[in-house]
There are 2 protein chains.
Amino acid sequence: MKDLRGQKILVSGFHAPTLGVVEAFEDAVLTLDDAGRIVGFEPDGDPTGATILPTGWLILPGFVDLHVHAPQYAQLGTALDVPLEDWLQTYTFPLEARFSDLDFAKAVYSALIDDMLALGTTTALHFATVHVPATTLLADLCLAKGQRALIGKVVMDDPDQCPPEYRDASAEDAIAGTRAVIEYINAMPGNDGMVHPVVTPRFVPSCTDACLSGLGALAQKTGTRVQSHVSESDWEHDYVRVRTGRSDAEALADFGLMVPHSVFAHGTHLSGSDMDLMIAHQAGVAHCPLSNAYFSGAVFPLRAALERGLNVGLGSDMSGGPVASIWETARMAIAASRMLESGVDAAVAPEARGRGAARIDFRTAFYLATRGGAKALGLPVGSFEPGMKFDAIAIDPKAAKGTIRLWPGYDGDLVLEKLLYSISRANIATVWVDGLRRVG
Amino acid sequence: MKDLRGQKILVSGFHAPTLGVVEAFEDAVLTLDDAGRIVGFEPDGDPTGATILPTGWLILPGFVDLHVHAPQYAQLGTALDVPLEDWLQTYTFPLEARFSDLDFAKAVYSALIDDMLALGTTTALHFATVHVPATTLLADLCLAKGQRALIGKVVMDDPDQCPPEYRDASAEDAIAGTRAVIEYINAMPGNDGMVHPVVTPRFVPSCTDACLSGLGALAQKTGTRVQSHVSESDWEHDYVRVRTGRSDAEALADFGLMVPHSVFAHGTHLSGSDMDLMIAHQAGVAHCPLSNAYFSGAVFPLRAALERGLNVGLGSDMSGGPVASIWETARMAIAASRMLESGVDAAVAPEARGRGAARIDFRTAFYLATRGGAKALGLPVGSFEPGMKFDAIAIDPKAAKGTIRLWPGYDGDLVLEKLLYSISRANIATVWVDGLRRVG
């Protein structure tokens with residue numbers, strides 16, 4: 001297929017403009033302006049002159065990944081069996097330290113962006129590394145390859161918590177580096193809403209108070225989103241309380257880091273009042289159910305968070321999460337929600353085993369994977385409504401080497417459910433970002 | 001690639017001949033006899049005259065799926081959000097009832113076998129339907145297409161538990177039909193250990209005592225393996241205790257159904273003494289972690305079972321489990337084991353949240369997916385030792401549309417871990433069963 005800017009297209013598929021509600025459309029007429037923005041979406045529009053996709057292709061909004069450690073792509077699916085401390089010190093920090101080498105950075109980042117786009121992830125919120133040059137390189141690559149991206153230089157300046165060979169030299173250095181990345185990205189030629197800077201303290205434990213305060217002031221002053229981790233594990237949750245006398249969410253807010261459309265990863269141990277605080281600040285959560293199984297010691301109470309009104313999307317958390325695909329992440333969000341509801345240990349009586357009433361279904365998971373993530377970021381993508389940019393994937397259910405088998409008699413949103421459970425990369429025929437074809 | 005019977009082959013890859021131990025080999029010399037049996041496996045053998053695989057290809061033993069409801073493939077990934085009773089009565093039983101139509105049966109079974117083989121599943125333990133003709137058709141198709149298979153006519157004769165339009169007419173009918181399938185499969189021309197009959201009571205609740213006793217006698221007399229479900233859920237576990245005064249495993253054993261190399265699905269609620277009983281009878285468990293998240297209300301205590309000495313393999317449980325691939329099942333076995341260990345509800349104190357000491361790693365999951373499953377069935381496949389039949393897959397990490405990215409510096413069994421977490425169908429270049437090429 002081709003670029004679709006300025007065109008009228010006849011499309012069938014699904015989107016979820018609001019939480020929990022899937023809309024199917026068949027031979028709808030979608031009209032884009034010359035900047036790739038949707039200016040018309042008519043279920044029964046006039047198809048005269050429309051571009052027609054191959055028979056059987058279905059379109060979905062592109063997926064949004066709210067939590068990616070971009071440099072860790074080289075070790076995706078590696079050493080998940082070792083203790084967290086070993087995983088960090090033996091594998092992760094030494095790998096990230098290698099991004100002082102721009103050739104290595106280019107190789108890893110290029111592979112990551114190519115592969116994420118091929119898997120249908122059109123928007124990603126990236127942690128880079130502490131290095132400014134490799135971080136701006138990532139921004140260059142996302143713009144050139146056409147992944148909508150939010151990118152931050154990782155900040156970790158506390159010598160008590162970070163290895164000497166991989167940390168910011170000082171709070172001042174960390175803040176200056178962050179400012180440099182913000183200025184670079186905001187000034188990139190041709191960057192019309194495609195790449196955004198993000199203030200990125202790794203997490204409260206890795207940063208000094210001075211650094212966190214400085215980053216908060218910078219974020220507020222420049223109107224830049226923030227990303228970090230929040231209450232990922234018992235250890236982190238307790239560490240922040242002991243050090244600051246507040247919950248992790250409260251500490252982040254007090255350091256000025258909870259600016260609108262900021263996103264914090266995990267939140268498995270957030271309290272109800274922490275969630276309310278995040279809602280009040282228009283901050284959201286990147287729910288990373290695959291990673292949580294390995295590193296969090298609990299399941300994020302997703303349904304409770306959604307019922308409170310918290311903005312949530314899905315995160316792969318590469319490489320704490322071991323897979324790159326947002327659809328496997330969506331499947332795990334559903335499975336984990338049921339395990340939270342029912343509990344896991346048959347030796348405990350059923351009524352005491354789980355939390356009860358925690359399950360979500362595929363409609364909610366699909367929303368989180370698309371519009372939910374985009375809404376958390378405050379970006380005009382994730383559904384096919386007028387005013388949205390056209391970030392979309394076309395699925396060919398009959399693609400060679402594909403894994404989807406649709407059967408007659410299973411209609412409506414059962415088709416979407418089947419797609420989510422059985423899609424693989426080979427079924428993704430074309431990916432468009434901002435109305436431009438980027439895959440296929 | 002080609003058939004490999006009677007040849008010498010130069011191979012690199014991995015296998016796990018025993019629980020928890022992965023062996024890597026590089027340029028090993030594998031020799032097959034004319035029946036596809038491995039007669040030599042020499043890590044440093046003489047490669048003269050050997051068939052050489054394309055550069056970079058890695059071989060693994062074919063995967064073993066210990067629990068498949070073959071007719072349900074048409075609804076894979078469908079209606080996972082509805083209550084179990086609705087899932088059974090609205091979707092599953094009406095679908096299975098359609099297998100009185102042999103044209104429909106042929107379409108679904110052909111797609112299933114083709115797709116499972118393409119995903120690398122070279123051995124499957126299939127539940128068919130209550131219909132004898134469709135069950136023998138499944139056997140014909142497995143033999144023709146070359147999936148090593150164990151196949152049973154489903155038995156469900158209790159009018160109190162089964163719908164009138166989909167059940168055996170009587171215990172006598174059910175037993176006679178089972179006998180007919182056993183005789184048919186054992187007499188199939190050209191069936192040299194490829195297809196095996198299995199006595200298949202759906203589960204204790206769906207069968208009368210007379211029927212279960214008769215099936216037990218038939219299994220014992222004919223030396224036929226049995227498959228069923230065991231203690232899948234609180235409901236099933238409690239139902240059998242109320243009806244029989246015994247645990248589900250005890251009831252199955254007392255009905256004579258626990259013959260050697262029988263396999264029972266799920267077992268999430270098995271007690272330690274149930275497991276010991278199964279060990280004493282040389283019976284095994286099909287662990288179905290994806291399905292368990294939806295329907296079991298608990299995680300099978302896998303590590304405890306393995307430490308006791310119970311034979312365990314992995315089951316997709318299509319379509320109670322929503323995906324066809326054994327590698328995603330293996331990933332979920334790892335994740336679920338960690339969730340059982342840590343618990344799921346952050347509102348519970350960490351020390352009371354999980355069961356503790358339940359985690360398994362990718363080495364164990366890989367063993368379960370290959371040799372573990374084969375050992376439970378008593379089949380000479382699942383590893384590359386002399387005496388085994390050559391059931392194997394070749395992975396091309398660089399295949400077009402594939403999803404594997406190997407990076408220099410990650411060696412040894414880290415490569416296997418990466419394969420398990422990132423493989424997709426497009427990476428499976430060739431599949432051999434019994435030394436014959438069946439895919440690629």
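Predicted model: local features only at pLDDT ≥ 70, side-chain atom pairs only at ≥ 80, totals over all residues.
The size of an interface is often given as the accessible area lost when the parts come together. For chain A and chain B, the buried area is about 5500 Å², with 54% of it on carbon and sulfur atoms. The contact draws on 62 residues from chain A and 62 residues from chain B. Charged groups take part too: 10 salt bridges cross the interface, including one between A:Arg355 and B:Asp345, whose closest N and O atoms are 2.8 Å apart. Polar contacts join 31 residue pairs between the two chains, both partners being at pLDDT 80 or more. On the side of chain A that touches chain B, several helices supply at least two residues each, among them helix 1 (84–97), helix 2 (102–118) and helix 13 (362–377). Helix 11 of chain A gives the most, with 10 residues. By class, this side of chain A has 34 nonpolar, 10 polar and 18 charged residues.

The largest has a volume of about 470 Å³ and is lined by 32 residues, with A:Trp327, A:Ile423, A:Ser424, B:Ile423 and B:Ser424 nearest its centre. Helix 11 and helix 14 of both chain A and chain B each supply at least two residues of this lining, which divides into 16 nonpolar, eight polar and eight charged residues.

Key: Residues numbered from 1 in each chain as written. Chains lettered and ligands numbered in written order. Heavy atoms only, no water. Contact = heavy atoms within 4.5 Å. Buried area = accessible area lost by both parts, 1.4 Å probe. Salt bridge = Lys/Arg side-chain N within 4 Å of Asp/Glu carboxyl O. Polar contact = N/O pair within 3.5 Å; in protein donor to acceptor, adjacent residues only side chain to side chain. Helix = DSSP H or I, 4+ residues; strand = E, 2+ residues; numbered from the N terminus. Nonpolar A, V, L, I, M, F, W, Y, C, P; charged D, E, K, R; others polar. 1 Å grid on protein atoms, 1.4 Å probe; cavity = no way out; pocket = protein on both sides within 12 Å on 5 of 7 lines; lining within 4 Å. Points joined across faces, edges and corners; volume = space filled by probe spheres on them.
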